[in-house]
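Subject: Handover of a structure

Dear colleague,

Please find below the structure that I am handing over to you.

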Amino acid sequence: MADNLQMWTDLGMDVDKHDALCQVLPTAFGDVYLSQENRPEGMGFYDFVVADIHGIRPSELIEAQKNGRKVFGTFCVYVPDEVVIAADGIVSGLCGGSQFWVEGGEKVLPKSTCPLIKASVGARLDRTCPFFRIADMYVGETTCDGKKKAYEILGEDVPMYIMDLPQMKREKDIVKWAEEIKDFAAKVEEFTGNKITVEKLNEAIHTINEKRKALARIYETRKSDVIPISGKDALLVMQIAFFDDPARCAEMANKLADECEQRVKDGVSVFPAGTKRIMLTGTPLAIPNWKLHHIIETSGAAVVCEEMCTGTRYFENLVEEDLGSLDEQYMALSKRYMKNNCACFTPNDARIDDIVRLAKEYNVDGVIDTNLKFCCLYDTERRNVERALNEAGIPVLGIETDYADSDAEQLRTRIEAFVEMLG
Amino acid sequence: MPEKNNLKYYILFDTNTHGFAMQALLKEEGIPSRIAPAPRAIQGELTCGMSLMIEPENIGDVRRVLEEKKPRYHAVRSLEGQINPHRDRYC
């Protein structure tokens, strides 16, 4: 793979420092993923993506840039991919999920910043991730305070555009978000040099809806008593969806869904009958953050749903298609994206409703509410989450963790006790 | 999901294309293989990429296919203790 080394050098990466990540990733992936038996064959694609995670997709993006296309790096499920795609741009998720990048972020951010933000800033400033080097423009959003201030730091190093996300969900907030999307579209047109037309935006909306439907099909099979795919495999699919080509993402997810549906019909489960079913809710699990899923699934339980940005929030709700004007399309986008229920909103009762609804739909035995350290928004919302689940008679365990290995043993003890308590 | 802490073999490649061709060939021959990130310890250069992981019981068949069909690959390496689901070392 000598080509990768040349590519990373050309991107101005610190290849020596990056090599430390190359050393730990294969072992972690082996322990977490290749230790599993009887996985769906369709996971081979996702294994390949990870095997060459800093090679294959980055080289595609660079090739596209050579043909004049622009790459937009994003950090949040509120940024509408459709707008970028309609201008022939490419979207790549940039959230950092590795402890490897945290130290670089701590050079410029308070230690009391969540690990996702520290890792994202560290990956850029330490020059140890090709995706962060390739993106022509970063698109931020005013979700949490930590990200807002981090964007000011990133903006010193890379072109940065910020979308002003409302923090309430009144009718006027949905109108405001539609206006923000319209402003963003103008910026994307200027940056790419391509006009966004009604036809192109309709095509892009359709493409992303198809991707959402494909991912939803995989999740649908996880509702079955027969669990055709492990939680960590489903998580990997979601994590890769953030930076893969959307049409290919839909194609591969549909293939995997076909296989999972067949497994359900044939009674093929990756867990023994009676394994306790867990839903995770909380902060996102950016790639390669596999810690919690792995601990749960090696502690006698199975993860069957994630009420997270790297889960149901990413694919639930479709955008209305085939509208006749850009203004109507921007409003349709706003309506769909404002249905995402992030703890940055107040009130955020719809998320609590989602959690109880999903816990029932996926027939879970218990919920683990997991929040990244220093995310005070989700941490504060824990009270409402626990109260609602208690009222619904669904056991819940609250966990606060980060990307480090140091609390793994303690987490394992707590999770094993929780699973045992579920009977 | 039983613990596995034993010996594995990895076929290394210069390009992903060679890796996919090998995977297809092994599948044709009925020999199981799994795509895995090449362990850095055996990769031997400052990069990362695709490998095919082979269980020890199948390595004899793999070597026979390599000898008979002459597919393109970089090297075959063995490594102990590479997979341990209870190691709790993440990245």
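This is a predicted model: local features need pLDDT of at least 70, side-chain atom pairs count only at pLDDT 80 or more; totals for chains, interfaces and linings use all residues.

**Overall form and confidence**

Along the principal axes, the C-alpha atoms of chain A fill a box of roughly 60 × 50 × 45 Å. Chain A contains 19 helices and eight strands. Of its 423 residues, 54% count as buried. Among the contacts in chain A with a separation of 6 or more, 75% are accounted for by residues 24 or more positions apart.

As to confidence, the model scores ipTM 0.89 and pTM 0.96. The average pLDDT of chain B is 88, and 89% of the residues of that chain score at least 70. Within chain B, confidence is highest in helix α3 (residues 56-69) of chain B, at a mean of 96, and lowest in helix α2 (residues 40-43) of chain B, at 79.

**Where the two chains meet**

The contact between the chains draws 39 residues from chain A and 26 residues from chain B. On the side of chain A that touches chain B, the elements giving two or more residues are α1 (2-10), α2 (15-34), α3 (43-51) and α19 (408-421) of chain A. Which of them gives the largest share? That share comes from α2(A), with 14 residues. Sorted by class, this side of chain A has 20 nonpolar, 11 polar and eight charged residues.

**A buried strand in chain A**

Seven of its seven residues are buried, so the strand is largely enclosed by the rest of the structure. In a regular strand, side chains alternate between the two faces of the sheet. In β7(A), A:Gly366, A:Ile368, A:Thr370 and A:Leu372 point one way, while A:Val367, A:Asp369 and A:Asn371 point the other way, and all are buried.

Which strands pair with β7(A)? One is strand β5 (residues 276-282) of chain A, which pairs with β7(A) in the parallel sense over five bridges. In this pairing, A:Met279 has A:Val367 of β7(A) as its bridge partner. Another is strand β8 (residues 396-401) of chain A, which runs parallel to β7(A) and is joined to it by six bridges. Here A:Ile368 has A:Leu397 of β8(A) as its bridge partner. Together with helix α18 (residues 376-392) of chain A, β7(A) and β8(A) make a right-handed β-α-β unit.

**Backbone features in the loops**

Most residues other than glycine have a negative phi, and most peptide bonds are trans. Several places in chain A depart from this pattern, and I list them here.

- The peptide bond that joins A:Ile287 and A:Pro288 is cis, with an omega of about 5°. A:Pro288 lies in the loop between β5 and α14 (291-297) of chain A.
- A cis peptide bond also runs from A:Thr346 to A:Pro347, with omega near -15°. The loop between α16 (326-337) and α17 (349-361) of chain A holds A:Pro347.
- A:Asn38 is not a glycine, yet has a positive phi of about 60°. This residue is placed in the loop between α2 and α3 of chain A. A:Asn38 counts as exposed, because it has 12 C-beta neighbours inside 10 Å.
- A:Arg127, which is not a glycine either, has a positive phi of about 60°. A:Arg127 lies in the loop between α7 (115-125) and α8 (130-134) of chain A. With 19 C-beta neighbours inside 10 Å, A:Arg127 counts as partly exposed.

Is A:Phe243 buried or exposed? A:Phe243 is found in the loop between α12 (231-241) and α13 (246-266) of chain A. With 22 other C-beta atoms within 10 Å, A:Phe243 is buried. Leaving aside neighbours within four places in sequence, A:Phe243 is in contact with A:Arg57, A:Ser92, A:Gly93 and A:Phe131. The C-alpha atoms of A:Phe243 and A:Leu94 are separated by 8.0 Å, although the two residues are 149 residues apart along the chain.

With kind regards

Terms used. Residues are numbered from 1 along each chain as its sequence is written. Chains are lettered from A and ligands numbered from 1 in the order in which they are written. Two residues are in contact if their C-beta atoms, placed from the backbone, lie within 7 Å. Helices (H or I, at least four residues) and strands (E, at least two) are DSSP runs, numbered from the N terminus. Ala, Val, Leu, Ile, Met, Phe, Trp, Tyr, Cys and Pro count as nonpolar, Asp, Glu, Lys and Arg as charged, and the others, Gly among them, as polar. A residue is buried if 20 or more other C-beta atoms lie within 10 Å of its own, exposed if 12 or fewer, and partly exposed in between; C-beta atoms are placed from the backbone. Two strands pair if DSSP finds at least two bridges between them. A crossover is right-handed if, with the strands pointing away from the viewer, the path from the first strand over the helix to the second runs clockwise. pLDDT is the predictor's confidence in each residue, from 0 to 100.
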